[in-house]
Protein chains: 2
Amino acid sequence: MIRALRAAGFRVTPQRLAVLRILAKSAGHPGAGDVHRAARRAFPAISLATVYKTLAALKAVGQVLELEFSGLPNRYDGCRPGPHPHVICQACGRIVDPRNLDLAPTVAVLAGETGFAIHGSRVDFFGTCPACRRRAHC
Amino acid sequence: MIRALRAAGFRVTPQRLAVLRILAKSAGHPGAGDVHRAARRAFPAISLATVYKTLAALKAVGQVLELEFSGLPNRYDGCRPGPHPHVICQACGRIVDPRNLDLAPTVAVLAGETGFAIHGSRVDFFGTCPACRRRAHC
DNA sequence: GTCTGTGCAAACCCTTTGCACGATG
DNA sequence: CATCGTGCAAAGGGTTTGCACAGAC
């Protein structure tokens with residue numbers, strides 16, 4: 001990530017390092033607020049605006065995937081920066097990355113049917129995760 | 001739609017009829033602003049708030065599908081109110097409904113892999129529509 | 001030393017809400 | 001005639017931006 005930032009002419013500041021470390025460590029998909037809170041532990045004066053700007057820089061160099069949710073805070077994935085499907089628990093907000101799901105055949109079918117040149121996708125599945133299912137005694 | 005509203009105890013007002021007619025007629029996926037502008041032609045005094053409230057009522061009775069986009073206005077589909085995949089042109093904003101796409105097998109695979117109980121999905125593909133591809137002489 | 005990054009606060013924009021008035025069943 | 005819907009204006013909330021100061025290269 002550091003290399004990617006420098007290569008694009010971005011400077012590497014302590015604040016950016018803090019954000020970067022948090023993204024690299026979090027296996028989940030933290031929100032901007034989560035990143036900010038975590039970054040404050042290493043760098044108490046860091047502002048939310050700086051976190052957003054750093055996330056934007058990392059997105060610009062393809063090192064982080066931004067997941068936007070209307071009405072809910074965005075979530076960020078620094079472990080798998082390419083677009084990929086997600087499975088989201090509506091009870092606890094947990095986001096899981098499925099492994100065995102290849103969209104390429106689907107994209108090919110759609111391109112043929114619609115005539116679109118397809119460049120990307122956003123694929124989310126909503127449900128209840130195993131832990132929350134148990135908690136609701138179902 | 002009228003029946004569904006009445007059955008749920010909603011009143012049928014001229015404003016709601018105007019919104020309703022626009023949704024039934026638009027094959028595309030208009031935004032709230034589009035609906036408002038169109039509704040003003042039949043009912044010049046109608047407010048944007050009323051449009052939003054009517055859309056919410058129709059959503060509540062399952063007669064319209066709301067597509068939320070972070071940063072962009074929501075889009076509404078009164079023709080196919082159930083969730084379904086979309087193909088979106090990033091150049092002109094057009095939204096197309098593909099026909100030959102069944103997500104059921106995918107959902108089954110995901111449920112097995114993740115242990116989630118999957119209740120819904122949001123599947124969008126982004127690209128360039130045939131018209132915009134021609135316009136960009138590609 | 002120059003130019004970029006930071007932090008603060010205000011702006012943004014679509015959407016939602018509070019409220020007094022008007023219309024519906 | 002009780003209740004719900006309308007229209008206006010203001011609030012709401014995550015994100016973005018303008019600006020002056022500070023720090024990286």
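The model is predicted: local features need pLDDT of at least 70 and side-chain atom pairs pLDDT 80 or more, while totals for chains, interfaces and linings use all residues. Residues count from 1 along each chain as its sequence is written, chains are lettered from A and ligands numbered from 1 in the order written, and side-chain values use heavy atoms, without hydrogens or water.

**Stop 1: the DNA**

Select DNA strand C and the residues near it (a heavy atom within 4 Å). There are 22 of them, and the closest are Thr13(A), Arg16(A), Thr50(A), Tyr52(B) and Asn74(B).

Now zoom in on Thr50(A). An N or O atom of its side chain is 2.8 Å from a phosphate oxygen of DNA strand C. Go on to Asn74(B), where a backbone N or O atom lies 2.6 Å from a phosphate oxygen of DNA strand C.

**Stop 2: where the chains meet**

Show chains A and B together. In contact (heavy atoms within 4.5 Å) are 37 residues of chain A and 37 residues of chain B. The buried area (accessible area, 1.4 Å probe, that two parts lose on being put together, summed over both) is about 3000 Å², and carbon and sulfur atoms give 66% of it. Pick out Ser70(A), Phe116(A) and Phe125(A): in chain A they lose the most area to chain B, together 22% of what that side buries.

**Stop 3**

Switch to cartoon view. Strands here are DSSP runs of E, at least two residues, numbered from the N terminus; two strands pair if DSSP finds at least two bridges between them. Six strands form an open, mixed sheet in the order 4(A)-3(A)-5(A)-5(B)-3(B)-4(B). Strand 4 (95–96) of chain A and strand 4 (95–96) of chain B stand at the edges, each with a single partner strand, so one side of each is left without a neighbour in the sheet.

Select strand 5 (residues 117–128) of chain B. Strand 5 of chain A pairs with it in the antiparallel sense over eleven bridges. Find Arg122(A), which stands opposite Asp124(B).

Finish at strand 3 (residues 86–89) of chain A. Four bridges join it to strand 5 of chain A, and the two run parallel. Cys89(A) stands opposite Gly127(A) there.

Notes. A polar contact is a pair of N or O atoms within 3.5 Å; within protein, one must be able to donate a hydrogen and the other to accept it, and residues adjacent in sequence count only if both atoms are side-chain atoms.
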